[in-house]
Structure formats: C-alpha cells, structure tokens
Amino acid sequence: MDRRLGHEWDEWNGRPLPRGGDFSAVPGVFFRFAALTVVVATAAVALLLYLVGPRLVTLWSPLTRVLWIALAVLAGASALYLGLVASSYYGGRNLLPERLLERGPYLQLMNFTSLLARAFGKRDYVEHAAIDVYNSLAERRGRKVGKGELLVLIPRCLSKQALDGVLEIAGRYEVPVFVATRGQLARRVIRERRPRAVVAVACERDMMTGLRDVAGKLPVLGLTMQLPNGPCRDAAIDLEQMERWVQGLVADAKR
Ligand code: SF4
C-alpha cells in the first residue's frame, strides 16, 4: 500500500474513516467539550485535594484551605475565560488581545479539550470545531503581510487536484509554498524563511500539533482537509477558502 501514516494516525485500523473523512462540526461542539474539560479538571483536582488534604494539614495547618481557595479561583478564572472566548466568537468581536486569545491560552485550551474528546471518541470533530473557532478569531485581526512574507505550508498527502489548486493559487499571488512532510521540517522551514504569517494545510490531528508549536510565535491560519481515502493519502481541501485567506493576508495581492 502506497501509504505512509503520520504518527498521529498510528492507531488507524485501515477501515474507511467516518463520513468520508470529513470531520466538520459546529463550533458549539468545541465549546461543550471545553466546558466539560474545565469541570472534569476541577473535579479531578478537588478529589485529589479531598484525599490528600488531611495529610497536608499536618505539614502546615492552613495549607489545605489555601489550596481549596486557589482551586476555586482557578476554576472561576477558567470559566470566565471560556465565557470570554465564546462571547468573542459568537459576538463577532474579539474581546481580548491575540496574546490572551487565539495566540495565547486558547491554544492550551484546545489541546486539553482534545485530550478529553479522545476519551469520548470525538477527537477529530472537536479538533475541527476548535480549529474553526481559532481561524475565525485569527482572521478577524485583519493582518496584512507582503507577498514574500507569507508562507504556505502543505502536507505530502494532498490529492493531485488539491495540489494543483494550491500551486495555482500560490503562483497567482506569488507566495512561496513548501511541502512539510513532518512537523520538524515545517518548523525548520519557518526558522529559515522567517515568514510574518503562515497559511498551513493539514488534517485536524496534525494541525493541532502545528498550531500548538507555531501559532504562539507567528500568526497562522489553519486549513483542515477531508480524507475520503483514509489518512495520509489523496486529501481534499477547500481551495476557495485557501484563496480567500491568501488574498486577505497579502496586502497588495493581484486579482
Ligand atoms: S497531514 Fe496528511 S500526512 Fe500528515 S498526518 Fe495528516 S493525513 Fe497524514
């Protein structure tokens, strides 16, 4: 079989992916799982504190009380933060600067939420919704860069039609395209080319890792794919979406 799996898909059983490898999901899916993540994490720490609390008192008598207060503050702050993210997304206006939103703690929230979603077998759908929310928040910043300052990163698994489409768009807007076969290579290309913005294409699983590693340092828009023939081969993408992003980012783009 001419298929080399990315390590994110190591556990794939060889059967067709559900819904033809299209993991589209409404943003509410992410927000519901993110809220559940905050509740589960708080409950887990509370249980731990309940169990070890009596021992901690012997070390320093107010310690347990201090930790309970800290947990309550942290849970309240997490709930408030999630509320601000949801209000920003649904309200159509980012209520926090990017360092505190899509290029800040939101990236961790996405990753913790993904961990919980795996336990429910909903990983790809939740990640898709999380990435959609991320893109909407990032796109609203209205960032513009020069042609040579934008980098398009694509994976090795695109179908011929998708690859031709990407190359055509990149050629028309005169932006460089790199095939990043592994996350490590993508990071090296970014280090060497020093772009001021990146449009990256990947499956949800790979995109989550990429955003976690890069989005904090560099503005990124992440285009997810459909995998009609299973992971890591013949991936399809929304070329119109890609063109909208490239056009929007490149200030003096030719039409
Ligand atoms: S981006 Fe493509 S090659 Fe990379 S892990 Fe995802 S499906 Fe596989």
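**Close-up views of a predicted model**

**View 1. Helices α1 and α2 side by side.** The axes of helix α1 (residues 27–59) and helix α2 (residues 63–91) come within 9 Å and cross at roughly 175°. Helices here are DSSP runs (H or I, at least four residues), numbered from the N terminus. Axes are lines fitted to C-alpha atoms over the stretch in contact, with angles from 0 to 180 degrees between N-to-C directions. α1 and α2 are therefore roughly antiparallel, a label for angles over 145 degrees. Their contact has 20 nonpolar residues, four polar and no charged. Nonpolar means Ala, Val, Leu, Ile, Met, Phe, Trp, Tyr, Cys or Pro; charged means Asp, Glu, Lys or Arg; the others, Gly among them, are polar.

The model is predicted: local features need pLDDT of at least 70, side-chain atom pairs count only at pLDDT 80 or more, and totals for chains, interfaces and linings use all residues. Residues are numbered from 1 along each chain as its sequence is written.

**View 2. The largest nonpolar core.** This core holds 61 residues. Such a core is a set of buried Ala, Val, Leu, Ile, Met, Phe, Trp, Tyr and Cys residues joined through C-beta atoms within 7 Å. Phe30, Leu153, Val198, Val199 and Val246 touch the most other members. Helix α4 (residues 123–139) gives the largest share, eight residues.

**View 3. Val246 in helix α8.** Val246 sits in helix α8 (residues 239–249). Val246 counts as buried because it has 23 C-beta neighbours inside 10 Å; the cut-off is 20 or more, with C-beta atoms placed from the backbone. Val246 and Leu150 are 96 residues apart in sequence, yet 8.2 Å apart in space, C-alpha to C-alpha.

Definitions and conventions
A residue is buried if 20 or more other C-beta atoms lie within 10 Å of its own, exposed if 12 or fewer, and partly exposed in between; C-beta atoms are placed from the backbone. Helices (H or I, at least four residues) and strands (E, at least two) are DSSP runs, numbered from the N terminus. Angles under 35 degrees count as roughly parallel, over 145 as roughly antiparallel, 65 to 115 as roughly perpendicular and the rest as oblique.
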